[in-house]
Amino acid sequence: MTIWQPDPGETLLSRAPVTFATGAAPRVRGMRWFRDTERNDILHELSGWPEGPSFTARSTGGAVAEKSLRGAATAAGVAVMAFLSAAGGNLSGGGGSDDSGSDTPDDPADEVEDFPVMWAAPGTIARTLPWQLDPGRADEKRYSTHLIVTDRRLVVVGLPFNKKDLKAIEDEVLWQCARSEVDGVELKNFKDGNDFKVTFADGSWCRLSCNWRLKITSYLVPPRDLIPLEALTPQQRKTVQEFAEEKQMPDSVSPILSRNSNGRIRIDILLPSRYTSAFGASEVTTTMETDGRKVDIGDYQPEDF
């Protein structure tokens, strides 16, 4: 088993399965496109990409879209996501979508009339994203792509997906970029509420989908204020140590400490024993007051999550 690990001194913050998003409005349902800044299709310009589905948007009258090449791969992706949702209640760290959607589009031009998942001029960062993120090209029954967030970079890894052995992880690094190259992350709520948009410093962007998008974006939008362990008071450190011992945190792992908007300190621990190909890295979490007292479950506030 080969699990991606951060460099010495680098902090792993989150990890979850992601893909390029898929349209949900009637005109673009089940579709996605790769565009330049003039809204031209650039799929043929993406170096090394294998053939996959091509799409024609439905007419506003609702005519059936023409879909060529291996468009059936989209149906396979839907089946896999249905499996993940069904299995979530029985797997450690699982669960369905962590957010609710909206029937109101944020941007009708990009969600109703068209559905670009890559918006990139020649030579920009978004064009370097790996083809394995595309549900129409990777076999989601046997392969998964995870987005990893650290305090230094974003990383996309690919790994085999075997629903009979979700703990079998063989990571292959497919892509990475420095956090300084990420200009912003925006949650996109139209329809299922699983999408988010990553804008890069050069103006290019991509639209990704994750059933647990709040887990993968919680350290990006807005960036959490990370707190070094040595900056805590003795009582705060004692609370962190007790929580780490309770969860049997191995010596190779460090707790992630951040400050919530309500001033409380959040403690996240990513336990290697909870890594799966279906959910990525599932954290155990608690919150403490500024004086170090652990917050009771009944006292949690929305800002704690």
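Author: Let's start with a term. On a 1 Å grid over the protein atoms alone, a cavity is a set of points where a 1.4 Å probe fits but cannot get out; lining residues have an atom within 4 Å of a point. Grid points are joined across faces, edges and corners, and a volume is the space filled by probe spheres set on the points.

Reader: What volume does the largest cavity have?
Author: About 60 Å³. The count is 1 cavity of 30 Å³ or more.

Reader: Which residues line the largest cavity?
Author: Among them are Leu-129, Leu-147, Trp-175, Phe-200 and Cys-206. Strands β8 (153-160), β11 (195-200) and β12 (205-209) each supply at least two residues of that lining. Strands (E, at least two residues) and helices (H or I, at least four) are DSSP runs, numbered from the N terminus.

Reader: Where does this model come from?
Author: It is a predicted model: local features need pLDDT of at least 70, side-chain atom pairs count only at pLDDT 80 or more, and totals for chains, interfaces and linings use all residues. Residues are numbered from 1 along each chain as its sequence is written, and side-chain values use heavy atoms, with hydrogens and water left out.

Reader: What is the average pLDDT?
Author: The protein averages 86, and 87% of the residues score at least 70. Over residues 62-96, pLDDT is below 50; this stretch still has 55 contacts in the model beyond near neighbours in sequence. pLDDT is the predictor's confidence in each residue, from 0 to 100. Contact means heavy atoms within 4.5 Å.

Reader: New topic. How many helices and strands are there?
Author: The protein has 4 helices and 16 strands.

Reader: Is β1 mostly covered or uncovered?
Author: Mostly covered. In β1 (residues 12-17), 6 of 6 residues are buried, meaning under 20% relative accessible area with a 1.4 Å probe, protein chains only.

Reader: What does β1 join?
Author: Strand β7 (residues 143-150), antiparallel, through 5 bridges. Ser-14 stands opposite Val-149 in β7. Two strands pair if DSSP finds at least two bridges between them.

Reader: What order do the strands of the open sheet have?
Author: The order is β13-β14-β15-β16, with antiparallel pairing. β13 (225-226) and β16 (283-288) are the edge strands, each pairing on one side only. Between β13 and β14 there are 2 bridges. Asp-225 has Arg-259 in β14 as its bridge partner.

Terms used. Buried means under 20% relative accessible area, exposed over 50%, partly exposed in between (1.4 Å probe, protein chains only). On a 1 Å grid over the protein atoms alone, a cavity is a set of points where a 1.4 Å probe fits but cannot get out, and a pocket is an open set with protein on both sides within 12 Å along at least five of seven lines; lining residues have an atom within 4 Å of a point.
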